[in-house]
Amino acid sequence: WEFNGSFYQPSAFLMMGIPGLEGLHHWISIPFCTLYLIALLGNCMILFIIKKTQSLHEPMYYFLSMLAVTDLGLVLCTLPTTLGIFWFNMRRIGFDACLTQMYFIHILSFIESSVLLAMAFDRFIAISHPLRHSSILTKTTVIKIGLAIILRGMVSLLPIPFLLKRLTYCAKTELSHSFCFHPDIMNLACADIKVNVFYGMIILLSTVGMDFIFIVLSYILIIKTVISLATKEECLKALNTCVSHICAVLVFFIPMIGLSMIHRFGKNVPPLVNTLVAYTYLIIPPALNPIIYSIKSSHIREALLRALRRKSE
């Protein structure tokens, strides 16, 4: 502990694995390792295929590349501490290291939300204004969108670590997860956390909340456009291009909203439920997104099959 007058700050926090199942952590690590491996290999495969296939050098796949990079970042942020607990019972994480991990987890989550919004906008332009799609979403425009997404995430979350460092903490230093999460750290403080709660809610609603609203509005406009198409076959063909993105949106936003609600309002929620929702939020989307796009996107699937054939020859 560091002491400075009445100011107390722990030198480290203790992370939690899966409550009540500590004796089974070695066995539980097997499905986690499988999910992490799928996420790492799947997203690297997506990036490799898009880079090597000239026909995939278009906005939809540029945004998919951003999604894959973000998912890789999320995996690499949580993998060391999660497997460290399951394999070696390494629960201790330094105070500053915890704040750094928390900052990057939240940045990458906000970036993923924004990338999903950009992908919704791409689908809207492709379906509603197909002839102008390439002129609206040029390569330069896509790069600017990507930089704006990164900048928004970094700037909006920059005060969070400093707001946590100013707090005085109690004797309890045990976190609820195997990674550092802002509400989790904040709730260990003995000081007034109204500023942290208020700022966290404002940032969450003005970024992820607004992204979700605009994604919904994009699909309302897409559905209106699709309904106006002449034939049923054209409607189905147009909607089929959105299925992968809709799945990615649901897989990301449902557990994220659930985890945020649990941390802020779910005081009586069992710890096991809280833990499972957190792992679903941070591990399942990076593992499922490459599978979803590989199955639903014929271009990705065909490029993958061509690459496999070349290796087998």
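Helices H3 and H8 pack at an angle of about 20 degrees, with their axes 9 Å apart. That makes H3 roughly parallel to H8, since angles under 35 degrees count as roughly parallel, over 145 as roughly antiparallel, 65 to 115 as roughly perpendicular and the rest as oblique. This is a predicted model, where local features need pLDDT of at least 70, side-chain atom pairs count only at pLDDT 80 or more, and totals for chains, interfaces and linings use all residues. Residues are numbered from 1 along each chain as its sequence is written, and side-chain values use heavy atoms, leaving out hydrogens and water.

**How the helices pack**

- Here, helices (H or I, at least four residues) and strands (E, at least two) are DSSP runs, numbered from the N terminus.
- Axes are lines fitted to C-alpha atoms, for helices over the stretch in contact, and angles run from 0 to 180 degrees between N-to-C directions.
- The crossing of H3 and H8 is left-handed; a crossing gets that name if the near helix is turned anticlockwise from the far one by less than a right angle, and it is right-handed if clockwise.
- The residues where H3 touches H8 divide into 15 nonpolar, six polar and two charged. In this sorting, Ala, Val, Leu, Ile, Met, Phe, Trp, Tyr, Cys and Pro count as nonpolar, Asp, Glu, Lys and Arg as charged, and the others, Gly among them, as polar.
- Helix H3 (residues 95-128) also packs with helix H5 (residues 139-157), at an angle of about 145 degrees and with axes 9 Å apart. The crossing of H3 and H5 is right-handed.
- On the H3 side of that contact you will find residues including Tyr-103, Phe-110 and Ala-118, while the H5 side includes Ile-145, Arg-152 and Gly-153. Contact means heavy atoms within 4.5 Å.
- By class, the contact of H3 with H5 has 11 nonpolar residues, four polar and one charged.
- Helix H10 (residues 243-265) and helix H11 (residues 271-296) pack at an angle of about 175 degrees, with their axes 9 Å apart. That makes H10 roughly antiparallel to H11.
- The contact of H10 with H11 brings together 18 nonpolar, seven polar and one charged residues.

**Buried residues to look up**

- Gly-153 sits in helix H5 and counts as buried at 2% relative accessibility. Buried means under 20% relative accessible area, exposed over 50%, and partly exposed in between (1.4 Å probe, protein chains only).
- Gly-153 and Phe-110 are 43 residues apart in sequence and 5.9 Å apart in space, C-alpha to C-alpha.
- Asn-43 belongs to helix H1 (residues 25-52), and its 2% relative accessibility makes Asn-43 buried.
- The side chain of Asn-43 reaches the backbone oxygen of Pro-286 at 3.0 Å. Leaving aside neighbours within four places in sequence, the contacts of Asn-43 include Ala-68, Asp-71 and Pro-290.
- Ser-218 lies in helix H8 (residues 194-227) and counts as buried at 12% relative accessibility.
- Beyond its neighbours within four places in sequence, Ser-218 is in contact with Ala-120 and Phe-124.
- Ser-218 and Ala-189 are 29 residues apart in sequence and 40 Å apart in space, C-alpha to C-alpha.

**An exposed loop residue**

- Asn-89 is placed in the loop between helix H2 (59-88) and strand S4 (92-94).
- At 55% relative accessibility, Asn-89 counts as exposed.
- Although Asn-89 is not a glycine, it has a positive phi of about 55 degrees.

How values were computed: Polar contact = N/O pair within 3.5 Å; in protein donor to acceptor, adjacent residues only side chain to side chain.
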